[in-house]
Structure formats: C-alpha cells, structure tokens
Amino acid sequence: MFSKLFGGSDLPSVDTLAVDRMALHLRHDNEGSVEGRVFVVTSAKPGEGKSLIARLLAQAASRHQEGDVLLIDAGITANPGEAASAGLAELLAGAPLDGLVTQSSTPCLWQLWRGNSYHASQLFRGARLRAALDKVRTRFPLTIIDAPELAACGALLALVDQAIVVVDTRVTTGEAVKQALDTALGVAGVGQDRIAGVVLNRQSQRQIRWTGG
C-alpha cells in the first residue's frame with residue numbers, strides 16, 4: 001500500500017502534466033464501459049487541496065474525455081459559487097437530474113452543486129445515494145465527486161468506481177493516511193483496490209504528483 005501511496009519519485013511535478021496524466025488514466029478506465037463511471041476525490045484531513053484537485057481533474061477530463069463530464073460538490077464546506085442553487089441534496093431526495101446540473105464555462109463540463117439543506121451525513125444513506133448515482137451514470141460518461149474527507153464518505157466509497165486520495169505530505173503523515181483509509185474502507189466494506197491512486201499535493205510550491213495508473 002505504501003509503495004502505491006508514496007512511490008514514483010520519477011513522476012512529473014508540474015501541475016498540468018500530473019493532472020493530464022490523471023485525466024488520461026480515468027479515460028482509459030472508462031473505455032468500453034456501458035454506463036458512466038464515477039470517481040471521488042477525497043483526503044485524510046481537511047485543507048489538503050482536494051477541491052482544487054477535483055476541479056482541475058474535471059477540467060482536464062473534459063478535454064480528454066469523449067462526452068460530457070460532471071463535477072459534483074459533495075464536500076462539507078459550502079462553495080461560495082453555488083449560492084442557493086438546487087443540487088445534490090435534491091437529487092438525493094429523488095428529484096430528476098435534469099434541471100439540477102449547470103454547464104460551466106469549460107466546454108463539456110457540467111456542475112452539480114451541493115443543493116439546499118445538504119449535509120455530508122446524507123452520504124451514509126446507501127439506497128438514496130445509489131439511486132442518485134444511477135441517474136448520474138445514465139447521463140454522464142464520467143463523473144468526478146469532490147467528496148468530504150475519508151471519515152465522512154460513508155457509503156460513497158462502496159458505490160463509486162474508485163477514489164483518488166489527496167495528501168499534503170507537509171502536514172499529513174503516511175500513518176495518518178493509512179489509518180484514515182483503513183477506517184473508511186472498512187465502513188464501506190471494500191478493499192484497497194477501490195483506491196485508484198494518490199495525489200501528493202505541495203500547495204505552497206504549486207506542485208502535485210500523481211501516483212497511480
């Protein structure tokens with residue numbers, strides 16, 4: 001597990017190269033899929049840069065992916081850009097997907113905000129979450145979820161295809177990541193193969209490294 005987390009010293013440290021590599025990895029995994037695939041971007045602790053990575057990855061994927069890409073805000077902290085827009089909360093309550101998603105300024109990239117009265121605890125409601133993701137998979141070939149930290153992901157890890165974990169190694173140790181992963185994967189009842197790879201994010205240097213496929 002640690003070789004997958006912190007290996008790859010020869011990987012590029014330039015943002016665009018690493019993000020493009022991640023996007024191409026998702027595209028490769030998506031080839032031949034009958035239904036859309038869903039990936040989450042999460043972290044062991046708050047403040048590791050996962051929301052930025054999720055957005056950069058969604059933008060890159062929309063350039064490389066055939067068809068539309070959806071970025072879902074399922075974080076704990078509200079995004080100031082969402083205002084009072086309906087979104088994930090309403091989708092989880094059974095509302096149709098049409099009318100909830102909005103097109104971004106990036107071609108082929110769509111957004112689903114958190115919605116009104118959303119709380120991350122809703123991600124523990126497996127049946128509602130599964131129904132919502134079924135709607136998403138039918139409409140979008142690729143979906144990236146800006147998820148809460150691992151401890152708050154609930155059933156999400158069990159219902160998506162894979163997860164990408166963002167780690168700021170200046171503030172988070174490998175042991176802390178391992179403990180957070182073991183706990184979250186145990187709650188979801190899935191194995192370590194659910195983790196697609198890890199982003200080593202050095203925010204002060206504006207550098208990232210992707211260790212994965």
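1. Start with the lining of the largest cavity: α4 (88–92) and α5 (126–139) each supply at least two of its residues, and α5 gives the most, with 4 residues. Helices here are DSSP runs (H or I, at least four residues), strands are E runs of at least two, and both are numbered from the N terminus. A cavity is a set of points on a 1 Å grid over the protein atoms alone where a 1.4 Å probe fits but cannot get out, and lining residues have an atom within 4 Å of a point.

2. Before going on, note that this is a predicted model, where local features need pLDDT of at least 70, side-chain atom pairs count only at pLDDT 80 or more, and totals for chains, interfaces and linings use all residues. Residues are numbered from 1 along each chain as its sequence is written, and side-chain values use heavy atoms, with hydrogens and water left out.

3. Back to the cavity. A search of the whole structure turns up 1 cavity of 30 Å³ or more. The largest holds about 60 Å³ of space, a volume being the space filled by probe spheres set on grid points joined across faces, edges and corners. Its lining includes Ile72, Leu88, Leu133 and Val136.

4. Now for the salt bridges, 6 by count (a side-chain nitrogen of Lys or Arg within 4 Å of a carboxyl oxygen of Asp or Glu). Arginine 37 pairs with aspartate 161, their closest N and O atoms 3.5 Å apart. Arginine 37 is in strand β1 (residues 37–43) and aspartate 161 in the loop between α6 (156–159) and β6 (162–167), so the pair ties together parts 124 residues apart in sequence.

5. Lysine 50 and aspartate 146 also meet in a salt bridge, at 3.1 Å, N to O. Lysine 50 lies in helix α3 (residues 50–64) and aspartate 146 in strand β5 (residues 142–146), so this pair links parts 96 residues apart in sequence. Lysine 50 is buried at 9% relative accessible area, and aspartate 146 is buried at 9% (buried is under 20%, exposed over 50%, partly exposed in between, with a 1.4 Å probe and protein chains only).

6. Lastly, look at serine 117, in the loop between β4 (109–112) and α5. Serine 117 counts as exposed, at 73% relative accessibility.

Conventions
On a 1 Å grid over the protein atoms alone, a cavity is a set of points where a 1.4 Å probe fits but cannot get out, and a pocket is an open set with protein on both sides within 12 Å along at least five of seven lines; lining residues have an atom within 4 Å of a point.
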